Amino acid sequence: MPVLIALLLAVLLTALVVAVLAVRLQAHHDEQSRDREALAAARRTVTDLLTVTEAGGQPRLERLLRGATGEFTQQLVGQSDSFTTAVRAAKVSSTGAVTEAGIATIDGEHASVLVSAVATVRNMQTPGGQVRPYRFTLELVRHGSTWLVAGLEFTP
Amino acid sequence: VASAAVPALAVLLAVLLAGGALLAWQLRVASTSTTARSDGLAAATELTGRLFTYDYRSLPSDIARAESATTGGFAVDYRDTVAHTVAPNAADQHLVTRATVRHAAVVSAAPDRVIALVFLSQITTSTKLTAPRLDNSGVRVTLDRVDGTWLIAGLDRV
C-alpha cells in the first residue's frame, strides 16, 4: 500500500511538472509564430508597395489598405491618386521582391521590422528593366490575430 | 486491485518522465535561442561596422581589430580580401573609411547561430575623391557563437 501511494504521488507531481513545461514551450511557439506573422505582413506590404502594374493597381492598393492602419493608411490614401496617375503617364511597371526581412524589436502589441527589397522597374526607355535596391523600416501593431503596418519609412 | 495498479502506475510514471525530459530539453533550446537573439543582435550592431572601418595611417591595428570580429572560413576570406585589395588600395589612395550600423534586426536565431539584417552607412575619403562619399547599404550578417563569443561568420549584400 505505501508503494501504491508513493507511486500515485510521483505520477501526480511529474504530471504537474510536465504540464508546466508544456505551457511554457507553447508560449515560446506562440512567440515564434507571432514573429513569423509580423515578418510576413511586412514582406507583403513592401512587395505590394514596390509592385506597379496598370491593371493590378486597384486590387493591390486595396490589399495594402487592408494591411495598414493609422498613419500608414493616411499615407496610402494621400498618395494613391497622384501615384497612379504618374504610373500611367510614365507607362512604368515595377516588380517588387523582398531580399531579406528581420525583426528589430517585438512584443505582444508592437513590432519594428527592417526590410530590404529590390524593384525591377521597366518603362519605355528601359524595357529590359532596371533593378533598384530599397530599404525600409516598418512599425507594425497587432490587431487581434493580425499584424497591421502603422508606419513605413524609406531609409537611405 | 492495488497490486494491479502498481505496474500500470510505474509505466505511466516512466512515460511522464520521458515526456518531461523531452519537453525540458526543447525548452532549453528555446530559451538559449531567445538569449541568442539579443546577444547576436548586439554583436551584429557592434561588430559589422568594424569590417569596413579603417584608416591608411593605422591600417595594421584597424585590420587586426576587424579580424578579431570574424571566425571560420569568413575570417580567411576577409584576411585574403584585405591583403589583396584593401591594403594596397588604402595605401595608394590614402583611404579613410568609417562604417556605422544605422539599423539591425534578427532574421533568424538558433542557440549558436544568428542571422541579422544590418543597414550600414559608410563615409569614405581618399585621394581619388574630391569630396567625402557616403554609401548606404544593406547586408545579411551570419554570426556564430564560438566559445561563448558572437563573431561574424558570413556577410553578403542584400
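## Close-ups of chains A and B

**View 1. Two salt bridges run between chain B and chain A.** The term here covers a side-chain nitrogen of Lys or Arg within 4 Å of a carboxyl oxygen of Asp or Glu. This is a predicted model, with local features needing pLDDT of at least 70 and side-chain atom pairs counting only at pLDDT 80 or more, while totals for chains, interfaces and linings use all residues. Residues are numbered from 1 along each chain as its sequence is written, chains are lettered from A and ligands numbered from 1 in the order in which they are written, and side-chain values use heavy atoms, leaving out hydrogens and water. Over all chains, the salt bridge count comes to 12.

**View 2. A:Asp35 pairs with an arginine from chain B.** The closest N and O atoms of B:Arg37 and A:Asp35 are 3.6 Å apart. A:Asp35 also forms a salt bridge with A:Arg34, and there the closest N and O atoms sit 3.3 Å apart. Is A:Asp35 buried or exposed? A:Asp35 counts as buried, at 11% relative accessibility, and A:Arg34 is buried too, at 14%. For these labels, buried means under 20% relative accessible area, exposed over 50%, and partly exposed in between (1.4 Å probe, protein chains only).

**View 3. Chain B and chain A bury about 2600 Å² between them.** Buried area is the accessible area (1.4 Å probe) that two parts lose on being put together, summed over both. Carbon and sulfur atoms account for 76% of it. B:Leu9, B:Leu27 and B:Phe119 supply 21% of the area that chain B buries against chain A, more than any other three residues. The contact (heavy atoms within 4.5 Å) takes 31 residues from chain B and 31 residues from chain A.

**View 4. On the side of chain B that touches chain A, α1(B) has the largest share.** That share is 18 residues.

**View 5. B:Asp112 and B:Arg145 form a salt bridge within chain B.** Their closest N and O atoms are 2.9 Å apart. The pair links distant parts of the chain, 33 residues apart: B:Asp112 is in the loop between β2 and β3 of chain B, and B:Arg145 is in strand β4 of chain B. Helices (H or I, at least four residues) and strands (E, at least two) are DSSP runs, numbered from the N terminus. Both partners are partly exposed, B:Asp112 with a relative accessible area of 40% and B:Arg145 with 36%.

**View 6. The side chains of B:Arg140 and B:Asp156 meet in a salt bridge.** The N to O distance is 2.5 Å. These two are 16 residues apart, with B:Arg140 in strand β4 of chain B and B:Asp156 in strand β5 (residues 149–157) of chain B. Salt bridges that share partners join A:Arg43, A:Glu100, B:Arg140 and B:Asp156 into one network. B:Asp156 counts as partly exposed, at 32% relative accessibility.

View 7. Not counting residues up to four places away in sequence, A:Thr137 touches several residues, including A:Val113, A:Leu114 and B:His103.
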